[in-house]
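Subject: Handover of a structure and its findings

Dear colleague,

Please find below the structure that I am handing over to you.

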Amino acid sequence: MSAFVGKYADELIKTAKYIATPGKGILAADESTGTIGKRLASINVENIESNRQSLRELLFTSPGALSYISGVILFEETLYQKTSDGKPFVDVLEENGVIPGIKVDKGVVELAGTNGETTTQGLDSLGQRCQQYYKAGARFAKWRAVLKIGPTEPSELSIQENAKGLARYAIICQENGLVPIVEPEVLTDGNHDIKKCAAVTETVLAAVYKALNDHHVLLEGTLLKPNMVTPGSDSPKVGPEVIAEYTVAALRRTVPPAVPGVVFLSGGQSEEEATLNLDAMNKLEVLKPWTLSFSFGRALQQSTLKTWAGKKENVTKAQATFLVRCKANSDATIGKYAGGGAGTGSAASESLFEKGYKY
Amino acid sequence: MASTSATLLKASPVLEKSEWVKGQSLLRQTSFVAAVRRHVAPSRLTVRASSAYADELVKTAKTIASPGRGILAMDESNATCGKRLASIGLENTEANRQAYRTLLITAPGLGQYISGAILFEETLYQSTTDGRKMVDVLSEQNIVPGIKVDKGLVPLAGSNNESWCQGLDGLASRSAAYYQQGARFAKWRTVVSIPNGPSALAVKEAAWGLARYAAISQDNGLVPIVEPEILLDGEHSIDRTYEVAEKVWAEVFFYLAQNNVMFEGILLKPSMVTPGAESKDRATPEQVASYTLKLLRNRIPPAVPGIMFLSGGQSEVEATLNLNAMNQGSNPWHVSFSYARALQNTCLKTWGGRPENVKAAQDTLLVRAQANSLAQLGKYTGEGESEEAKKGMFVKGYTY
């Protein structure tokens, strides 16, 4: 009684391995229309389709940047968009050795009877949607489950429900040719210390891998997108080495070696923090059977966004900024980051944490 | 560096015991009883009871589970209704579906025997052929309107050709809308197949889906009917059915508890414990009753107000006889029926799509409804049953 090996098994394994290539990582550019609106608002740009397209075009055509990127997660609208000279984004990515991915969840809803905990929706007709996305060129998918830390949280119900949702999503993706990125995000909000975050992360990951096993998910054809283990947002900060130690310990205890890659979310850390933490993890001399890399949204795009500010004349400069962050994180995945990639000033060190952040 | 590895090995990021006993969230429960004992934090077991709809849910469930009454299941999807209409040579149009459902719900005095009617979404928003809202007609008949909320079965990967039930996305808002329209109970049907295992995954998936649906329904004012149908298909013995049913119900109630479902505000729709349809063994109504009641006593908490059996392919008369046998003694829950084919079959054939047959068809519906009403009271005698009513309705590999 083992994993479900369907017709896409070989392809899934190959794709997952490629995405986990040391020296490369994922650009999470799958902000929903609502969320990207917030980003654009922060630089006084209107949330219309052409602006959303301009931003994504800026990123995908940055000279040299894509060589550090193995995959890009897209929102549905973007999967079907083109550059200003009419080339489908999917083609641009594929030509540069970047695999297109697609966000497939339909957001979170509250779990009644809990203290504001949530579950993620999106399973109905997911199989059919995955087939369409595969046809459009996507080869991996992403589904974000969210858990929080509190006096009675995460509750057993929340853990079971979110783990189960991830497992159902994962097997349906694999049935339809998409590598599922499994994302159980434990939010940073709170005044707990790093030990509490570690304990919760371990419990959650254990439940997730039990559910994946119950649902016959082929682990070699998946990726994990966890939070790093850090103190709560209202607690004193600790250094990258401490974060690295607790995070890697948690993963070693819960993530089977069959999983080819762990691609961390940045969750509100500044660009520089996220890179330093990732680098520290890769410098640790302890057995890590999966590659440790990135799947960053804000932590790759923040400075780039500010530099662009929606103006055509800033595109080249913004793209140069983007390249800097991509290379920095690429170095971090092999433990070779020298620091100071924050060359473009304070933006890279700016915390991106928002209390009670609604994705 | 050796020191770093040593730190990783030594560092034991586990909470102090005093910290986690208070909030039981990090403990892995292996039994519901253990969960209750260890629970010290603000009790989630009471949150549901103070939910806005709690009293109404209890009242509705009790009304549906009233003596001498049961449920008319008329929630066939358009596709399934099409099959019914085709069997009497009618086209599957909205008008024909409307005519048929009008016939059913306007049967005079139906509310004496029928406490609830499960509708398909189209019907909930429809009017009868003389322009009154279906839900209004039902209420006037003293019949509680219910609504099918699942979105059907799809194949379950990694299982032995089994299925799982969809429908949770947006269920909260759909349920709220149905409540606005007049529905007061909901139904979700998932299936378990004995010839295909059932696999542990299929059972777990079925039970968890039911539990989530039940929790969401209650939060939006609808009494959930919990239906894990153990299909009749197969050659298995009645003992094997019993074994599987025990496992399924244990898991269902465990997950209902985990999801904080209020048992006083649910109804169950189980299959009776019988041999498989293709088994060489046949069981008498007394045997079916004996096995089924034993199962229920072992697995169903007395807080559940009503158990409304599905007929699953039995003939109209079989379904009535079995129900009658189960009501020869007193039970801690109302033991009744939620029949579709076993109430409608003869009625449909009698109608044949002709307006001049409407009254006769309604009469046959009332005959069956009354027969099952008597069976609920343990007073059914089986006199005067027609041959049609005795015909089995099992269809191998029946897709609902």
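This is a predicted model: local features need pLDDT of at least 70, side-chain atom pairs count only at pLDDT 80 or more; totals for chains, interfaces and linings use all residues.

Helices (H or I, at least four residues) and strands (E, at least two) are DSSP runs, numbered from the N terminus. Residues are numbered from 1 along each chain as its sequence is written, chains are lettered from A and ligands numbered from 1 in the order in which they are written, and side-chain values use heavy atoms, with hydrogens and water left out.

Backbone points

Most residues other than glycine have a negative phi, and most peptide bonds are trans. B:Asn161 is not a glycine, yet its phi is positive, near 60 degrees. B:Asn161 has a relative accessible area of 72% and is therefore exposed; buried means under 20% relative accessible area, exposed over 50%, and partly exposed in between (1.4 Å probe, protein chains only). In chain A, A:His216 also has a positive phi, of about 60 degrees, without being a glycine. A:His216 sits in the loop between α8 (194-214) and β8 of chain A and is buried, with a relative accessible area of 6%.

Two cis peptide bonds may be inspected as well. One runs from A:Glu153 to A:Pro154, with omega near 0 degrees, and A:Pro154 belongs to the loop between β6 (140-147) and α7 of chain A. Another runs from B:Gly197 to B:Pro198, with omega near -10 degrees; B:Pro198 is in the loop between β6 (185-192) and α11 (200-219) of chain B.

Helix α6 of chain A

Which residues of helix α6 (residues 126-135) of chain A are buried? They are A:Leu126, A:Gly127, A:Arg129, A:Cys130, A:Tyr133 and A:Tyr134. Seen down the axis of α6(A), these buried residues fall within an arc of 160 degrees, so they line one face of the helix; the arc is that of the directions from the helix axis to the C-beta atoms. The face turned away from the buried side of α6(A) carries the exposed residues A:Gln128 and A:Lys135. The cover over the buried residues of α6(A) includes α1 (9-19), α4 (76-79), β3 (99-103) and α7 (156-175) of chain A. After α6(A) comes A:Gly137, with a positive phi near 110 degrees.

Strand β10 of chain A

Five of the six residues of strand β10 (residues 291-296) of chain A are buried. Two strands pair if DSSP finds at least two bridges between them. Strand β1 (residues 25-29) of chain A pairs with β10(A) in the parallel sense over two bridges, with A:Phe296 as the bridge partner of A:Leu27. Strand β9 (residues 261-264) of chain A also pairs with β10(A) in the parallel sense, over four bridges, and here A:Phe264 stands opposite A:Phe294.

Salt bridges

Side chains of opposite charge can pair when their charged atoms come close. A salt bridge is a side-chain nitrogen of Lys or Arg within 4 Å of a carboxyl oxygen of Asp or Glu, and the structure holds 32 of them over all chains. In one of these, the side chains of A:Lys237 and A:Glu273 meet at 3.0 Å, N to O. A:Lys237 lies in the loop between β8 (223-224) and α9 (240-254) of chain A and A:Glu273 in helix α10 (residues 271-283) of chain A, so the pair ties together parts that are 36 residues apart in sequence. A:Lys237 counts as exposed, at 65% relative accessibility, whereas A:Glu273 counts as partly exposed, at 25%.

In chain B, B:Asp75 forms a salt bridge with B:Lys148, the closest N and O atoms being 3.5 Å apart. This pair links distant parts of the chain, 73 residues apart: B:Asp75 is in the loop between β1 (70-74) and α6 (78-86) of chain B, and B:Lys148 is in strand β3 (residues 144-148) of chain B. Both B:Asp75 and B:Lys148 are buried.

Chain B overall

Chain B has 17 helices and ten strands. Of its 400 residues, 58% count as buried.

Yours sincerely,
A colleague

Note on methods:
Contact means heavy atoms within 4.5 Å.
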